[in-house]
Amino acid sequence: MPNILVKKILAVLSGFMLILAVLIGSIRLSVFDRSFYMELYDHLDLANQEGISRQDLDDSIFLMLDYVENKRDDLDGTIFWKGKEQPTFNEKEISHMEDVKALWQNAKRWGWIFFALTLMIYIYFFWKTPRTAFSWICWGVVMGTVGFAVILILLGSWMIFDFTSFWIRFHHMFFTNELWILDPMTDFMIVICPENMFSSLIAQIFTIFVPTLIVLFVLSVIYLKRKAPIGFENL
């Protein structure tokens, strides 16, 4: 019985870590998709609304993305905004983006750690129980998906009914300062990152993450029904 309990714990852990790795991968695919921002700016007609050239608008968001993705070491750039040429981002914005970059780089690092640990657990199953390894892996995916689905439903409901409250709580959770509170009169970053951009971005992340999760869940259920219609006491 203790051996079965250990396998159950490892299976569920592997399921959760695999899902977290997929989530972080989905975030990366969405956040650093340049076409997303270009299409959004077209839809919002943001360049005309803010009185800035489309080139400056695109260059600014790409500058920020490259910095967060660690493709460059600084946020040096210039724009023509409010009738004058000025640095793209001020000191407050740069300090905030240093925090954002550190947060994303840590998240990306944890994504690889989750993936590596998941593979180690899978290797353990194939080493210890080669006959039923896939059954344990699939069971972990199913249990992890069910648990994660509950979390997604709760967070999704919060975002749908009060995205502003969710976004504020998110920043309070991950940032220890108030640098993220920007002024549209002085901080250009809030111009290129309006609130509806974040809600659209989260929706895009879900369009990648949720279908992937569903496919993993369905394939795992099918395998368990066909290959492992027995109780865990027999695994």
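Reader: How many residues does helix α7 have, and how far does it reach from its first C-alpha to its last?
Author: Keep in mind that this is a predicted model. Helix α7 runs over residues 163-174 and has 12 residues. It reaches 17 Å, close to the 16 Å expected at 1.5 Å a residue.

Reader: Which residues of α7 are buried?
Author: F163, F166, W167 and H171.

Reader: Where do they sit around the axis?
Author: They cover an arc of only 130°, which puts them on the same side of α7. An α-helix has 3.6 residues a turn, so residues three or four places apart point the same way.

Reader: What covers the buried residues of α7?
Author: The cover includes α5 (91-128), α6 and α9.

Reader: And what caps the N-terminal end of α7?
Author: D162 does. One of its side-chain oxygens lies 3.2 Å from the backbone nitrogen of S165.

Reader: New topic, rings. How many aromatic pairs are in the whole structure?
Author: A search finds 13. Among them is the pair of F16 and F148. That pair is tilted, with 6.4 Å centre to centre and 55° between the planes.

Reader: Which parts does that pair tie together?
Author: F16 lies in helix α1 (residues 2-31) and F148 in helix α6 (residues 133-161), so the pair ties together parts 132 residues apart in sequence.

Reader: Is F148 buried or exposed?
Author: F148 is buried, with a relative accessible area of 7%. F16 counts as partly exposed, at 27% relative accessibility.

Reader: Which residues do ring pairs link into a cluster?
Author: Y124, F125, W136 and W139.

Reader: What about charges over rings? Where does the charged end of K101 sit?
Author: Over the ring of Y67, 4.3 Å from its centre. The charged end of K128 sits over the ring of W127, 4.5 Å from the ring centre.

Reader: Last one, I205. Which helix is it in?
Author: I205 lies in helix α9, residues 195-227. At 10% relative accessibility, I205 counts as buried.

Reader: What does I205 touch?
Author: Leaving out residues up to four places away in sequence, I205 touches L23, S26, I27 and S30.

Reader: And how far apart are I205 and V191 in space?
Author: They are 22 Å apart, C-alpha to C-alpha. In sequence, I205 and V191 are 14 residues apart.

Conventions: Residues numbered from 1 in each chain as written. Predicted model: local features only at pLDDT ≥ 70, side-chain atom pairs only at ≥ 80, totals over all residues. Heavy atoms only, no water. Helix = DSSP H or I, 4+ residues; strand = E, 2+ residues; numbered from the N terminus. Buried < 20%, exposed > 50% of the residue type's maximum accessible area, 1.4 Å probe, protein only. Contact = heavy atoms within 4.5 Å. Phe/Tyr/Trp six-rings, centres within 6.5 Å; stacked < 30°, edge-to-face > 60°. Lys NZ or Arg CZ within 6 Å of the ring centre and 35° of its normal. Expected span 1.5 Å × (residues − 1). Arc of directions from axis to C-beta. Polar contact = N/O pair within 3.5 Å; in protein donor to acceptor, adjacent residues only side chain to side chain.
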